[in-house]
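Reader: I would like to learn how to read the features of a model like this one. Please take them one at a time, starting with the strands.

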Amino acid sequence: MPRHPLLIGGRRVETGDWMPVDDPASGTVVAEVAAAGRSEVDEAVAAAAEAGPGWAALSPPERGAALSGYARLLDEHAEELASIMHREMGKPAGEAAAEVARALEVVHYFAAEAERLVVTQLPGPTLATGSWTRPAPIGVVAAIVPWNFPVALVLWKLAPALAAGC
């Protein structure tokens, strides 16, 4: 049975606590995943904060290219992701495949959207007045993801944050 550690700052982190992943159809344990506690969450936030300035410094087209590469990698593993979701939570196979497909469309969309992040002038009432908008990352983003759409809701939050430079 596979054991999956946490991935924090590019390294695998095993904790003393492991959670079983049950196949609801058969009741068998199909994997174990490391459980994150407060210290692992703090470590993950610190790793994200450390990586943030480098990611934010990339130009929007560079972030878009990185997201496009990620989207292609996900495309290559779409069937596997749907199969894992089906076994892990009992979502019907067709619904799992549809969720993965829609989520991957979102990643592709935000990869392209990253390239459209531009400075914009908003004209005022005269040529001498107006405003400029410049999209800027806000930093580390925490997102709470419910269980019912495990792939879609992660990617719907992750892709726009990465595109924006967070």
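Author: Strands of a sheet pair through backbone hydrogen bonds, either parallel or antiparallel. Here β1 and strand β5 (residues 29-34) run parallel and are joined by two bridges. Helices (H or I, at least four residues) and strands (E, at least two) are DSSP runs, numbered from the N terminus, and two strands pair if DSSP finds at least two bridges between them. This is a predicted model, in which local features need pLDDT of at least 70, side-chain atom pairs count only at pLDDT 80 or more, and totals for chains, interfaces and linings use all residues. Residues are numbered from 1 along each chain as its sequence is written, and side-chain values use heavy atoms, with hydrogens and water left out.

Reader: Which residue of β5 is the bridge partner of R3?

Author: E32 is the partner of R3.

Reader: What joins β4 to β5, and how do the two run?

Author: Five bridges join them, and the two strands run antiparallel. V21, for instance, has A31 in β5 as its bridge partner. The two strands form a hairpin with six residues between them, and in the turn G27 has a positive phi of about 80°.

Reader: In what order do the strands of the open sheet lie?

Author: The order is β1-β5-β4, three strands with mixed pairing. β1 (3-4) and β4 (18-22) are the edge strands, each pairing on one side only.

Reader: How many residues lie between β6 and β7 in their hairpin?

Author: Six residues lie between β6 and β7. Strand β6 (residues 120-123) is antiparallel to β7, and four bridges join them. T120 has T133 in β7 as its bridge partner, and L122 stands opposite S131.

Reader: Now the helices. What span does helix α1 reach, and what is expected?

Author: The expected span of a helix is 1.5 Å times one less than its number of residues. Helix α1 (residues 38-57) has 20 residues and reaches 29 Å from first C-alpha to last, close to the expected 28 Å.

Reader: Where does the kink in α1 lie?

Author: A bend at a residue is the angle between axes fitted to the seven residues ending there and the seven starting there. In α1 a kink of about 35° lies at A51, shortly before the proline P53.

Reader: Let us turn to charges. How many salt bridges does a search of the whole structure find?

Author: Side chains of opposite charge can pair when their charged atoms come close. The search finds five salt bridges, a salt bridge being a side-chain nitrogen of Lys or Arg within 4 Å of a carboxyl oxygen of Asp or Glu. One of them joins E43 to R11, with the closest N and O atoms 1.9 Å apart. This pair links distant parts of the chain, since E43 is in helix α1 and R11 in strand β3 (residues 11-13), 32 residues apart.

Reader: What separates R102 and E105 along their helix?

Author: An α-helix has 3.6 residues a turn, so residues three or four places apart point the same way. R102 and E105 are three residues apart in helix α4 (residues 93-114), and are therefore separated by about one helical turn. They form a salt bridge with the closest N and O atoms 3.3 Å apart. R102 is partly exposed at 43%, as is E105 at 47%.

Reader: Which side chain does R116 meet in a salt bridge?

Author: R116 meets E113, at 2.9 Å from N to O. R116 is partly exposed, with a relative accessible area of 47%, and E113 is partly exposed at 24%.

Reader: Last, the surface. Which residues form the nonpolar patch?

Author: Patches are made of residues with over 30% relative accessible area and no salt bridge; like charges are joined within 9 Å, nonpolar side chains (Val, Leu, Ile, Met, Phe, Trp, Tyr) within 5 Å. Here Y70, L73, V145, V154 and L158 form the patch, with about 350 Å² of accessible area together. Accessible areas come from the Shrake-Rupley method with a 1.4 Å probe; for residues, only the protein chains shown count as cover. Helices α2 (60-76) and α5 (152-163) each supply at least two residues of the patch. Y70 is found in α2 and is partly exposed at 32%.

Key: Buried < 20%, exposed > 50% of the residue type's maximum accessible area, 1.4 Å probe, protein only.
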